[in-house]
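Open the model in your viewer and keep the selection tool at hand. The tour goes stop by stop.

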Amino acid sequence: MSSPTGPASGLPVRMPRPRQPGRHRRPEPAVAPEGAPALVLAVPGTPSAEARALGEEVISIARSELPGLDARIGYVDGDGAEYPNLQTVLAQAAEQRAARYQQALAAGVEATEPQGPVAVVVPLLAGPDNALMRRIRQAVVDSSAPAEVTDVLGPHPLLAEALHVRLSEAGLSRADRARLFTVATAADGIILATSGGEEAVQAAGITGMLLAARLAVPVLAAALDEPGAVAAIADQLRASGSGQLALAPYVIGPEAADGLLDAAVKEAGCAIAEPLGAYPAIGKLTLSNYMNALGIAPQQQMGASAR
């Protein structure tokens with residue numbers, strides 16, 4: 001039984017742990033600033049339950065890194081209440097911000113009229129895709145909402161890590177070069193398959209160099225949406241001595257048109273890893289782009305993986 005001044009004698013008293021002094025002190029966890037713009041994840045491709053689940057997982061990762069984050073999903077090809085398009089999501093965010101301001105005034109609360117973007121739109125794209133980016137920017141214009149659009153997520157060292165993990169999950173590479181064992185099905189040449197045209201291939205090549213350094217095997221990028229491109233890269237790798245190839249999709253998933261990956265596997269005649277999907281790095285890079293757009297990203301947010 002406790003007394004009015006504390007626990008009864010003999011019971012332990014839990015005291016707050018003092019903060020560790022000095023430069024090795026743990027950083028205070030970041031939280032979303034009050035009134036911060038919404039993060040709107042722009043999901044490309046045909047809306048589906050799978051695309052929604054992927055988008056929800058990505059923003060769940062972002063929220064876990066920044067508590068209090070207002071994160072929403074807008075579909076580039078959205079078609080209604082179940083899969084709202086970007087214009088609808090942005091317009092709703094603007095209406096809700098204006099309504100909160102009016103409610104504060106009506107309640108007699110001294111409030112400043114909201115300024116700046118109502119949302120930051122982060123494209124769910126690993127690499128550049130001019131056609132999709134034009135559509136995303138046009139959707140922002142059509143919404144009439146003040147919003148910013150960030151760059152795509154790559155190239156980035158974290159995406160090379162994600163590709164390595166997907167290959168190892170498929171048994172196509174060792175999980176760790178430092179471990180002294182081999183994988184019988186490990187590839188000795190990687191086709192990094194991306195979509196978005198020549199610019200996307202060039203950007204994928206940067207991540208490909210990072211992946212090659214991790215795997216110690218040649219990695220070459222190819223365009224999924226260019227007929228014959230994957231087969232040409234497969235021939236090039238085989239001609240240079242690679243006998244066992246693997247195809248690593250440098251796509252998150254929804255942005256690749258149906259059938260492209262299946263066609264690429266047939267062209268290359270090799271095994272394939274899973275797309276990047278909702279690998280944790282995707283959520284972290286999404287949040288990093290959002291925070292950088294607002295100028296609130298702490299230095300430690302991405303750690304040593306910063307660009």
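Start with a crossing: helix 6 passes helix 7 in a right-handed manner. Helices (H or I, at least four residues) and strands (E, at least two) are DSSP runs, numbered from the N terminus.

Before you go on, note that this is a predicted model, where local features need pLDDT of at least 70, side-chain atom pairs count only at pLDDT 80 or more, and totals for chains, interfaces and linings use all residues. Residues are numbered from 1 along each chain as its sequence is written, and side-chain values use heavy atoms, with hydrogens and water left out.

**Stop 1: the helix pair**

Select residues 229-239 for helix 6 and 260-268 for helix 7. Their axes lie 8 Å apart, at an angle of about 35°. Axes are lines fitted to C-alpha atoms, for helices over the stretch in contact, and angles run from 0 to 180 degrees between N-to-C directions.

Which residues of helix 6 meet helix 7? Show Ala229, Val230, Ala231, Ala234 and Arg238. Across from them, in helix 7, are Ala264, Glu267 and Ala268. Contact means heavy atoms within 4.5 Å. The contact residues divide into 6 nonpolar, no polar and 2 charged. Here Ala, Val, Leu, Ile, Met, Phe, Trp, Tyr, Cys and Pro count as nonpolar, Asp, Glu, Lys and Arg as charged, and the others, Gly among them, as polar.

**Stop 2: strand 7**

Select residues 245-249. Is this strand buried or exposed? 5 of the 5 residues of strand 7 are buried, so the strand is largely enclosed by the rest of the structure. Buried means under 20% relative accessible area, exposed over 50%, partly exposed in between (1.4 Å probe, protein chains only). Leu245, Leu247 and Pro249 point one way, Ala246 and Ala248 the other.

**Stop 3**

Widen the view to an open sheet of 4 strands, in the order 6-5-7-8, with parallel pairing. Two strands pair if DSSP finds at least two bridges between them. Strand 6 (219-223) and strand 8 are at the edges with a single partner strand each, so one side of each has no neighbour in the sheet.

Strand 5 (residues 189-194) pairs with strand 7 over 5 bridges. Glycine 189 has leucine 245 as its bridge partner. Strand 5 also pairs with strand 6 over 5 bridges; look for isoleucine 190 and valine 219.

Next, select strand 8 (residues 271-272), joined to strand 7 by 2 bridges. Leucine 247 has isoleucine 272 as its bridge partner there. Trace the chain from strand 7 through helix 7 to strand 8: this β-α-β crossover is right-handed. In other words, with the strands pointing away from the viewer, the path from the first strand over the helix to the second runs clockwise.

**Stop 4: helix 4**

Select residues 157-169. Helix 4 packs on the sheet and touches strand 5 and strand 7, making about 130° with the direction of strand 7. In this helix, pick valine 165. Valine 165 is partly exposed, at a relative accessible area of 23%.

**Stop 5**

Move to an open sheet of 4 strands in the order 2-1-3-4, paired in parallel. Strand 2 (71-75) and strand 4 (147-149) are the edge strands. The twist averages 25° from one strand to the next. End on helix 1 (residues 49-65), which lies across strand 1 (38-43) and strand 2.

Notes:
A crossing is left-handed if the near helix is turned anticlockwise from the far one by less than a right angle, and right-handed if clockwise.
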